[in-house]
Every structure is written in structure tokens, then in C-alpha cells.
Amino acid sequence: MSKVIFNMTVSLDGFVAGLNDGPENGLGDGGDALFNWYFSGDVDVPIAGGGMVLKVSAPSAKILNDSFQSYGAGVWGRRTFDFTHAWGGHPPGSPAFIVTHNVPEEWVYDGSPFTFVTDGVESAIRQAKQAAGDKNVVLCTASILQQALNLGLVDEIYIDVAPFLLGKGVRLFDHLNIAPTQLENILAVNTPNVTHLGYRVVK
Ligand SMILES: NC(=O)c1ccc[n+]([C@@H]2O[C@H](COP(=O)([O-])OP(=O)(O)OC[C@H]3O[C@@H](n4cnc5c(N)ncnc54)[C@H](OP(=O)(O)O)[C@@H]3O)[C@@H](O)[C@H]2O)c1
């Protein structure tokens, strides 16, 4: 059955990007180190339709490949869409639902990989689920995760913990308005460059 899952890379102190993130500084000051683990192994993992190839350790490659195969659609916020320059038109998961207040009309055309959602996260997840069918919907930005948690819509949380401290920046868990929530640990895989953790939200 289709699940709503979350996956991002986070510093040990809980940041998904450093300060001053923007179109010319995508992951913010010092934030590029978050993704070191994507390029420090010897197993190729093609992403974005083969447009980019990650090089990770064998255990990370298995986790990434299993994850990518399980995704049927993804949901991102507009800042990530802008800062990645729309991933050059090749989002890491497709179809890609972008939650925003303002639709970038240049990306609206027949066959666009993007669907822009202006009526909130619940609507974006509903549309993504419809597109994903039996596959999972993956949420990939902090603001989307926070809103989805507040709405009670998240089934599983996967976090790739990068072994460093960012100190300041964009926090993964912020603006939460939830009751204390039990999680069940469903994944814990350690490698020298990253620790993969997974939790099921107990409902
Ligand atoms: N570490 C990682 O694995 C990783 C992965 C991806 C991205 N990142 C980084 O994460 C940072 C971005 O994450 P973020 O959480 O700050 O921002 P985000 O989720 O990418 O985007 C937030 C924006 O999305 C729009 N939005 C969100 N909720 C909305 C709603 N309910 N209704 C309408 N619009 C809504 C708003 O933009 P508008 O008002 O402009 O429409 C809002 O400012 C960037 O630094 C990015 O590089 C890190």
C-alpha cells in the first residue's frame, strides 16, 4: 500500500542547510558537506533519469536503490525548487509536486515534470498519492515535512545523518504543532560517511 515517507540528509545538529541558502548557495554556508556521502563511495547510483550519478558505499547504494524504486511521486517546497534551478528540468523524483504561492508559468506545459500546488500540503500529498498509485510519496523538504507532520500525514521518516555539525541554518524539525509522538525504529545502518535511520510513525 502507498505510504507517505520523508527523506533528507541532516547534520548531527539537525540542519538540512546552512545560513544564507539561495539560488547561488543552494545548501547554504558550509552546507555542501551534507552531501559528501553522495560522492565518497565506489558504487554508482544514477539519479534524475541518469542525468547524475552518485558514488556511495555498497550499503548506502542498496538503501538508495530500494528507496528510489519505491517512490511513485515526490513533494517539494518552492525554495528547494528555486535553489536547485528546478533541477535543470530533471527532478530527483518524478512526477514532482511543488508547493508554492506563485506558479512559475515557464514550467507549465504539456509534459512538464512539475505540478504546482497552491492550495497547501494536504492537497499536494493527495495529488501525489493519486499519481503514485501503489508506490510511495516521498516528501523532500523541511517545511513540507513539518506541515505534513502537523497534519498527521506522515507514515515513515528516513534521515541520513551526516557526521558533522552545521551550527546554524535551516532546521529540519521546526514549527511543529504535534502531540508527543511514538516512533518505531525500522532502519539503522552505519557507514563511515553517513548513518541511515528510519522510523515508522506510530498512529
Ligand atoms: N539536506 C537535504 O537533503 C536537502 C534536500 C533538499 C533541499 N535542501 C535545502 O533545504 C532548504 C529548503 O527547505 P525549506 O524547508 O527551507 O523550504 P522548501 O520547503 O523548499 O520551500 C518553502 C517554500 O515553499 C512554499 N510553501 C511551503 N508550504 C506552502 C504552503 N502550504 N502553501 C504555499 N506555499 C508553500 C513557500 O514558497 P513561496 O511562498 O515562495 O511559494 C515556502 O517559502 C534549501 O536550503 C535546500 O537547499 C536540503
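Student: On what basis are residues numbered and features counted here?

Tutor: Residues are numbered from 1 along each chain as its sequence is written, and side-chain values use heavy atoms, with hydrogens and water left out. In this predicted model, local features need pLDDT of at least 70 and side-chain atom pairs count only at pLDDT 80 or more, while totals for chains, interfaces and linings use all residues.

Student: How many residues surround the ligand, and which are the closest?

Tutor: A residue is near a molecule if one of its heavy atoms lies within 4 Å of it. The shell around the ligand holds 24 residues. The closest are D21, R79, T100, H101 and T141.

Student: At what distance does a polar side-chain atom of R79 lie from an oxygen atom of the ligand?

Tutor: A polar contact is a pair of N or O atoms within 3.5 Å; within protein, one must be able to donate a hydrogen and the other to accept it, and residues adjacent in sequence count only if both atoms are side-chain atoms. T100 has a side-chain N or O atom 2.6 Å from a ligand oxygen, and T141 places a polar side-chain atom 2.6 Å from an oxygen atom of the ligand. For R79, the distance to a ligand oxygen is 2.6 Å.

Student: How much of the accessible area of the ligand does the protein cover?

Tutor: Accessible areas come from the Shrake-Rupley method with a 1.4 Å probe; for residues, only the protein chains shown count as cover. On its own, the ligand has 940 Å² of accessible area.

Student: Which element gives the largest share of the shell around the ligand?

Tutor: Helices (H or I, at least four residues) and strands (E, at least two) are DSSP runs, numbered from the N terminus. Two or more shell residues come from each of strand 1 (4-11), strand 2 (15-17), helix 2 (78-83) and helix 4 (142-150). The largest share, four residues, belongs to helix 2.

Student: Is S11 buried or exposed?

Tutor: Buried means under 20% relative accessible area, exposed over 50%, and partly exposed in between (1.4 Å probe, protein chains only). S11 lies in strand 1, and its C-alpha atom is 6.3 Å from that of L166, 155 residues apart along the chain. Because its relative accessibility is 2%, S11 counts as buried.

Student: With which residue does the side chain of S57 make a polar contact?

Tutor: S57 is found in the loop between strand 4 (52-56) and helix 1 (58-70). With a relative accessible area of 19%, S57 is buried. A polar contact of 3.1 Å joins its side chain to that of S60.

Student: Which residue is joined to P95 by a cis peptide bond?

Tutor: P95 lies in the loop between helix 2 and strand 6 (96-99). The cis peptide bond has an omega of about 0°. The partner of P95 in this bond is S94.

Student: What is the phi of H85?

Tutor: H85 is placed in the loop between helix 2 and strand 6. Its relative accessibility is 46%, so H85 counts as partly exposed. Although H85 is not a glycine, its phi is positive, at about 55°.

Student: Is H175 buried or exposed?

Tutor: H175 is found in the loop between strand 10 (170-171) and strand 11 (183-190). It has a positive phi of about 55° although it is not a glycine. Because its relative accessibility is 61%, H175 counts as exposed.
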